[in-house]
Amino acid sequence: MTMGANLLLSNVTKFYKDFKAVDDVCININKGEFLTILGPSGSGKTSLLKLIAGFEKINSGEILLNENSIETKKPYERNIGMLFQNYALFPHMNVFENIAYPLKIRKYSKADIKNKVTELLKLVDLENVEERYPKQLSGGQQQRVALARAIVFNPPLLLLDEPLGALDKNLRQKMQLEIKHIQQKVGITTISVTHDQEEALTMSDKVCIMNKGKVEQIDSPERIYQRPKTRFVAEFIGEINMVDCKIIEIDEEVAYVKAFNDREIKVIIDHDNGLEVGQDMLLVFRPENIAIIKSAEEWENTTKATIKEIIFVGDTLKVKVLINDITEVMIKASPSIKDTLSIGKNILLGWDSNNCSIIKD
Ligand code: ADP
Ligand code: MG
């Protein structure tokens, strides 16, 4: 079973009256890719999905599915699979009938329906419960039925809008991986919407961060996390340190900045970024990317620091340090070195140029 299409959004804009909910959005999703749209409540995520599904009309821009414009097509003509938070299974239909429903309304033959539903039951691992009714299923099983129903008719695209939002944390994490595995097996191009950063990083090939209707960054989960391009992205995901700095030299994909008063820090930068010597920037780095080191040798960037606070959080130690008596920075360390640390102690920190980046403020 293979499905999936290429989806291109170019300069898509949506107004509700005079409020711009989706602002000049450009996204390209390749066949078989899993893209997650991540952003705070009200950032336009659901609106964007509705435009793709055809429940709302775009005001300007273009949506191309396999190079064909779908703007004039009605939702059912777009034939897109959907799984939303309040996915309602039909309570009076058993599992088999629920999954068969989209095929029935598309007038598939009885034999085709039997084959296809059997295939899907196997895919979502529900072969032994096909005669049960929704209320006889666990939350996770209901979710899998809903997923099977959403993809049984070989849609070119699957849209998920916070489908796991109603589940408790453990089940949600389990279902994230299950949906991801099924998506990979089937190869269906998928767009998922969430405000849960962990979910986005776990499930996606690409993450699109939205803020106030605009795309802030589209990148791999690793790059979104390690190399945020804007302050919003940096702050929205995980814990991060942001320190004022000034560019003193640019050499292709490397920049040297002055930070912590007098330190020269080497950072990897992206090509074609419009950066200039003398610019004021923010140096950003994750707490876990800074190491407490014994000697400055072999590290591209080092600085002295003083320990201000040590916080035990189970699997890590969070250590608040002061650099050059002015800049507070949070770092993480293994709890196994707890005995070697104490408040007021002077330590040496080390990190490499690819473990930090600079962004415009
Ligand atoms: P998200 O899914 O990211 O929470 P939405 O796309 O639902 O965001 O909403 C984006 C913005 O558009 C919000 O400010 C919301 O109030 C507004 N909005 C959404 N739907 C409508 C509508 N039908 N009419 C007017 N405003 C709307
Ligand atoms: Mg929403």
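By class, the shell around ligand 1 in this predicted model comprises four nonpolar residues, six polar residues and one charged residue. Its members are Tyr16, Phe19, Ala21, Pro40, Ser41, Gly42, Ser43, Gly44, Lys45, Thr46 and Ser47. Lys45 also makes a polar contact through its side chain, where a polar atom lies 2.9 Å from an oxygen atom of ligand 1. The backbone takes part as well: a backbone N or O atom of Ser43 is found 3.1 Å from an oxygen atom of the ligand, and a polar backbone atom of Gly44 is likewise placed 3.1 Å from a ligand oxygen. Taken alone, ligand 1 exposes 560 Å², of which the protein buries 59%. Two or more residues of the shell come from each of strand 2 (19–29) and helix 1 (45–53). Helix 1 is the element that gives the most, with three residues.

Attention now turns to a single side chain elsewhere in the chain. Arg144 sits in helix 5, which spans residues 139–151. Is this arginine buried or exposed? With a relative accessibility of 10%, Arg144 counts as buried, because the cut-off for that class is under 20%. Beyond its neighbours within four places in sequence, Arg144 is in contact with Val124, Asp125 and Leu126, and also with Met175 and Glu178.

One partner is strand 16 (residues 301–312), which runs antiparallel to strand 17 and is joined to it by six bridges. Within this pairing, Ile307 stands opposite Val321 of strand 17. Strands 16 and 17 form a hairpin with four residues between them, and Gly314 in the turn has a positive phi of about 95°.

The other partner is strand 18 (residues 327–333), and its pairing with strand 17 is antiparallel too, over seven bridges. Here Lys320 stands opposite Met330 of strand 18. How many residues lie between strand 17 and strand 18 in their hairpin? There are three, and among the features of this turn is Asn324, whose phi is positive at about 55°.

Note on methods. Residues are numbered from 1 along each chain as its sequence is written. Chains are lettered from A and ligands numbered from 1 in the order in which they are written. This is a predicted model: local features need pLDDT of at least 70, side-chain atom pairs count only at pLDDT 80 or more; totals for chains, interfaces and linings use all residues. Side-chain values use heavy atoms; hydrogens and water are left out. A residue is near a molecule or strand if one of its heavy atoms lies within 4 Å of it. A polar contact is a pair of N or O atoms within 3.5 Å; within protein, one must be able to donate a hydrogen and the other to accept it, and residues adjacent in sequence count only if both atoms are side-chain atoms. Accessible areas come from the Shrake-Rupley method with a 1.4 Å probe; for residues, only the protein chains shown count as cover. Ala, Val, Leu, Ile, Met, Phe, Trp, Tyr, Cys and Pro count as nonpolar, Asp, Glu, Lys and Arg as charged, and the others, Gly among them, as polar. Buried means under 20% relative accessible area, exposed over 50%, partly exposed in between (1.4 Å probe, protein chains only). Contact means heavy atoms within 4.5 Å. Two strands pair if DSSP finds at least two bridges between them.
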